[in-house]
Amino acid sequence: MARLFGTEYHEHSNSWFFKSSVIKLMKNDLLYRKYLDENKNVIFKFEAIQEKLHVFTPKVEMTYDRKKEIVIKHVCSECGEDDCKHYLSILNYAYNYLSTDMLGKKAVQTYHTRLLNYNEYWQRVVLNAKIEI
């Protein structure tokens, strides 16, 4: 059982900035959802439970490459910095309380596309279409 985000945790955890800025979170203080994107990367969305919103307010989205076992991208709804305290806190939380076993479980796969966006003319055509047998 490997620790989730272990590579990033070890990269950051020895720094003074990490130790001074991490928000202390206990098990089950954060809720997370995971999805697969079209490249089979796992997208995690972390947010605090209702009781911890006064401590941890933002929502953080992370894109994780399962093959390389690295975080490709992360976005904090509050900071927008590269290594903000919320991102580092999630690294700490995931390393301590989540394992890579969860990556083997089924997840919803999503696709980011504009395939279903079309103008008013095509909307009318689709709505007025009939199938003749």
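User: Is His 86 buried or exposed?
Analyst: Buried means under 20% relative accessible area. His 86 has 3%, so His 86 counts as buried. One caution: this is a predicted model.

User: Where does His 86 lie, and which residues is His 86 in contact with beyond its neighbours within four places in sequence?
Analyst: His 86 lies in helix H3, residues 85–97. Leave aside the neighbours within four places in sequence. His 86 is then in contact with Ile 23, Phe 56, Pro 58, Val 60, Cys 76, Glu 78 and Cys 79.

User: Now charges. How many salt bridges does the structure hold?
Analyst: The general idea comes first. Side chains of opposite charge can pair when their charged atoms come close. The structure holds three salt bridges.

User: Which side chain does Asp 29 meet in a salt bridge?
Analyst: Asp 29 meets Lys 52, at 3.9 Å from N to O. The pair links distant parts of the chain, 23 residues apart. Asp 29 sits in the loop between helix H2 (16–21) and strand E1 (30–36). Lys 52 sits in the loop between strand E2 (42–48) and strand E3 (60–65). Now read the accessibility of each partner. Asp 29 is at 7%, so Asp 29 counts as buried. Lys 52 is at 26%, so Lys 52 counts as partly exposed.

User: And which side chain does Arg 33 meet in a salt bridge?
Analyst: Arg 33 meets Glu 47, at 2.7 Å from N to O. Arg 33 lies in strand E1 and Glu 47 in strand E2, so this bridge ties together parts 14 residues apart in sequence. Arg 33 has 41% relative accessibility and counts as partly exposed. Glu 47 is buried, with a relative accessible area of 18%.

User: What forms a salt bridge with Glu 61?
Analyst: Lys 45 does, with the closest N and O atoms 3.8 Å apart. This pair also links distant parts of the chain: Glu 61 is in strand E3 and Lys 45 in strand E2, 16 residues apart. Glu 61 counts as partly exposed at 30% relative accessibility. Lys 45 counts as partly exposed at 33%.

User: On to rings. How many aromatic pairs does the structure hold?
Analyst: There are nine aromatic pairs. Take Phe 5 and Phe 44. Their ring centres are 5.6 Å apart and their planes meet at 85°, so the pair is edge-to-face. The cut-off behind that reading is planes over 60 degrees apart. Phe 5 lies in the segment before helix H1 (6–12) and Phe 44 in strand E2, so the pair ties together parts 39 residues apart in sequence. Phe 5 and Phe 44 are both buried.

User: Why is the pair of Tyr 32 and Phe 46 called tilted?
Analyst: The planes of Tyr 32 and Phe 46 are at 40°, with ring centres 6.0 Å apart, so the pair is tilted. Tyr 32 lies in strand E1 and Phe 46 in strand E2, so the pair ties together parts 14 residues apart in sequence. Tyr 32 counts as partly exposed at 34% relative accessibility. Phe 46 counts as buried at 1%.

User: Which residues do ring pairs link into a cluster?
Analyst: Phe 5, Tyr 32, Phe 44, Phe 46 and Tyr 64.

User: Last, the surface. Which residues form a nonpolar patch there?
Analyst: Tyr 121, Trp 122 and Val 125 form the patch. Together they have about 310 Å² of accessible area. Val 125 is found in helix H4, residues 120–127. At 34% relative accessibility, Val 125 counts as partly exposed.

Technical notes
Residues numbered from 1 in each chain as written. Predicted model: local features only at pLDDT ≥ 70, side-chain atom pairs only at ≥ 80, totals over all residues. Heavy atoms only, no water. Patch = residues over 30% accessible without salt bridge, like charges linked within 9 Å, V, L, I, M, F, W, Y side chains within 5 Å. Areas by Shrake-Rupley, 256 points an atom, 1.4 Å probe, with all protein chains shown as cover. Salt bridge = Lys/Arg side-chain N within 4 Å of Asp/Glu carboxyl O. Helix = DSSP H or I, 4+ residues; strand = E, 2+ residues; numbered from the N terminus. Buried < 20%, exposed > 50% of the residue type's maximum accessible area, 1.4 Å probe, protein only. Contact = heavy atoms within 4.5 Å. Phe/Tyr/Trp six-rings, centres within 6.5 Å; stacked < 30°, edge-to-face > 60°.
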